[in-house]
Amino acid sequence: MLNPPVKANSSSPSQFTIIRLPETLSPLFPPHIRIITPAEKIASDLGSTLSPSSSIYLPSDENWTNETTQRWNQWNAPSYVVSVKPAIKEDVQKVLQYAARNKVPFLATGGGHGYSGTLGALNNGLELDMGYFKSVKVDAGKNRLIIGGSVRFRELISPVYAAGKAFPVGACPCVGASGASLGGGIGFWSGFYGAISDSLVSVEIVTGTGTLLTASESQNSDLFWAVKGAGHNFGVVTSFTFKVYDSPNGGQAMNADMTFPLSRNGSLWAFAKSFAGKQPKELSLGFSILASPVTQELVIVVNAIYVGPLAQGRALIKPLLDLTPQNTNISYIAWKDVPYAAKYGGPAKSCDTRPLDVPHAVNLYQVDIEGLTAAVEYLNDTIPNTPALKGTVFALTQYSTYGFQQHTPDSSAFPYRDVIIFAQIDVTASKSSDLPTINSFTKSFRDRLQKISGKDHLEVYTNLAHGDEGAAAWYSKKNVPRLRKLKKTYDPSSLFNFYNSVNVD
Ligand SMILES: Cc1cc2nc3c(=O)[nH]c(=O)nc-3n(C[C@H](O)[C@H](O)[C@H](O)COP(=O)(O)OP(=O)(O)OC[C@H]3O[C@@H](n4cnc5c(N)ncnc54)[C@H](O)[C@@H]3O)c2cc1C
């Protein structure tokens, strides 16, 4: 094995005769012949061409786990025989060109929080770990944020806040700003600013042809349109430039968490419905149904974030407080702390776990009180009697559509600007033998939600998708033909097909 890990520009092991053969044959050869595996060959080839600060790791390297970006979800995870960490954008080009030439399947890793089950189609591939692309620069004068291709929300939140600015981060601080914004990106600022991709000014991207391009409104604008919402399909982004905004409300926000018994769900849906189509942009709502860690009974955790004066926030959630929650935790905090406080800090605490999590999601365009109440009843009938389902979380996230609608439907490939609720049903499996039970339950629950979604077909925010929905559901029927045409131009060999590919029906 090439151990210690290959540093780029290290000379190839010239004292050995290099023969490319399956690993199983190696013991048959005499000691003066050093057999290298296909992965070692890749490491050796790339090691001699990449810039000196790049690194290459094999799974046998003892620091593989520490030095390569670890994936959060273990369900349908891609597998790698080699991980390459390019140091500069020209290295990214070289890796991509090498992989294309040698037909080595590969995937870029940003924050490692990719959900979609389509990622699992990559077996024994090359990981293009963007882990050295971590720069974060805020230009407050120009209202710009420039980040590298693997920056996570938690790495940009403090610098943006310190500059007195706001940026539409996702709900969970450990998610990659890269993967999230390439699929759109949603979070508690969406009411103001829409999808995260709506704040994109430009990207530097190595496309599937191996070319390094800038894409913006004025350069390669067709690619820029596609990158904002379907970006995982076209290349590897080395750098993102976003707009940032003067912090509303002096950078302060109310975070309110409340716990209710399941029996209150009808009233909670009525509360949600009272805002449908007229939610103030400052208000974000989240409803999570899950087993209480104390009693194991299903409860509803409601999270309300209000980017405005505390008294106004409290007034808006008064109908909830009047329902006498079992527990209430209201704080008025800097927006940078909201992702760590929201939902009793649960999402942030899950950052360093590595669960076996099966996701399903549906966009809801209405709040169907009766349908949601029936769905909750079904959960209550099913989950307590099915041990495989005890890690179920049914989460409904409701943002104002104001921010999304500040941008025309044709402004980007992000297709769904009128979603009232992003609904997710996630089940964390405690063992893989539970997966068949989980899959059939979550699929049928998704079908049930689709029927009350207000659409006669399934639509889903691509970054929360299970992976079996197809391109029309992820990108809209209208956008798919245009995306497929662009794919032929920018990724003609379909190198970027492992994440909700636009080519999948
Ligand atoms: C716990 C959790 C919480 C989440 N919360 C939110 C949320 O609040 N809002 C939201 O919008 N989404 C959320 N998501 C979904 C998230 O946006 C997607 O899963 C996203 O793809 C994760 O991006 P990543 O960079 O972390 O993941 P990765 O697994 O690294 O990447 C996911 C995909 O993006 C590609 N990619 C990553 N970086 C680059 C790059 N630089 N260039 C090209 N391709 C790249 C990868 O190749 C892969 O195909 C959440 C997911 C999880 C697991």
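The legends below describe close-up views of a predicted model.

**View 1. The shell of residues around the ligand.** The ligand is surrounded by 30 residues. Ala108, Gly110, Ala171, Ile186 and Tyr461 are the closest of these. Sorted by class, the shell holds 15 nonpolar and 15 polar residues, and no charged residues.

View 2. Asparagine 463 takes part through its side chain, with a polar atom 3.4 Å from an oxygen atom of the ligand. On its own the ligand has 940 Å² of accessible area, and the protein covers 94% of this.

**View 3. Secondary-structure elements and domains at the ligand.** Two or more shell residues come from each of β6 (106-109), α5 (177-182) and β13 (235-243). The element that gives the most is α5, with four residues. The ligand lies between domain 1 (6-129) and domain 2 (136-247 + 478-490), because both domains give residues to the shell around the ligand.

View 4. The UniProt record, an unreviewed entry, places the feature "domain: FAD-binding PCMH-type" at residues 74-247. In the model, this span is 25% helix and 29% strand. The C-alpha atoms at the ends of residues 74-247 are 37 Å apart.

**View 5. The disulfide between cysteine 174 and cysteine 351.** One disulfide is found when the whole structure is searched. The bond joins cysteine 174 to cysteine 351, with an S to S distance of 2.2 Å. The torsion about the S-S bond of cysteine 174 and cysteine 351 is about -95°, so the disulfide is left-handed. Cysteine 174 sits in the loop between β10 (165-166) and α5, while cysteine 351 sits in the loop between α12 (346-349) and β19 (356-364). The two cysteines are 177 residues apart, and the pair links distant parts of the chain.

Technical notes: Residues are numbered from 1 along each chain as its sequence is written. This is a predicted model: local features need pLDDT of at least 70, side-chain atom pairs count only at pLDDT 80 or more; totals for chains, interfaces and linings use all residues. Side-chain values use heavy atoms; hydrogens and water are left out. A residue is near a molecule or strand if one of its heavy atoms lies within 4 Å of it. A polar contact is a pair of N or O atoms within 3.5 Å; within protein, one must be able to donate a hydrogen and the other to accept it, and residues adjacent in sequence count only if both atoms are side-chain atoms. Accessible areas come from the Shrake-Rupley method with a 1.4 Å probe; for residues, only the protein chains shown count as cover. Ala, Val, Leu, Ile, Met, Phe, Trp, Tyr, Cys and Pro count as nonpolar, Asp, Glu, Lys and Arg as charged, and the others, Gly among them, as polar. Domain bounds come from an automatic or database domain assignment. UniProt positions are given in the numbering used here, feature names are shortened, and annotations may be inferred rather than shown by experiment. A disulfide is a pair of cysteine sulfur atoms within 2.5 Å.
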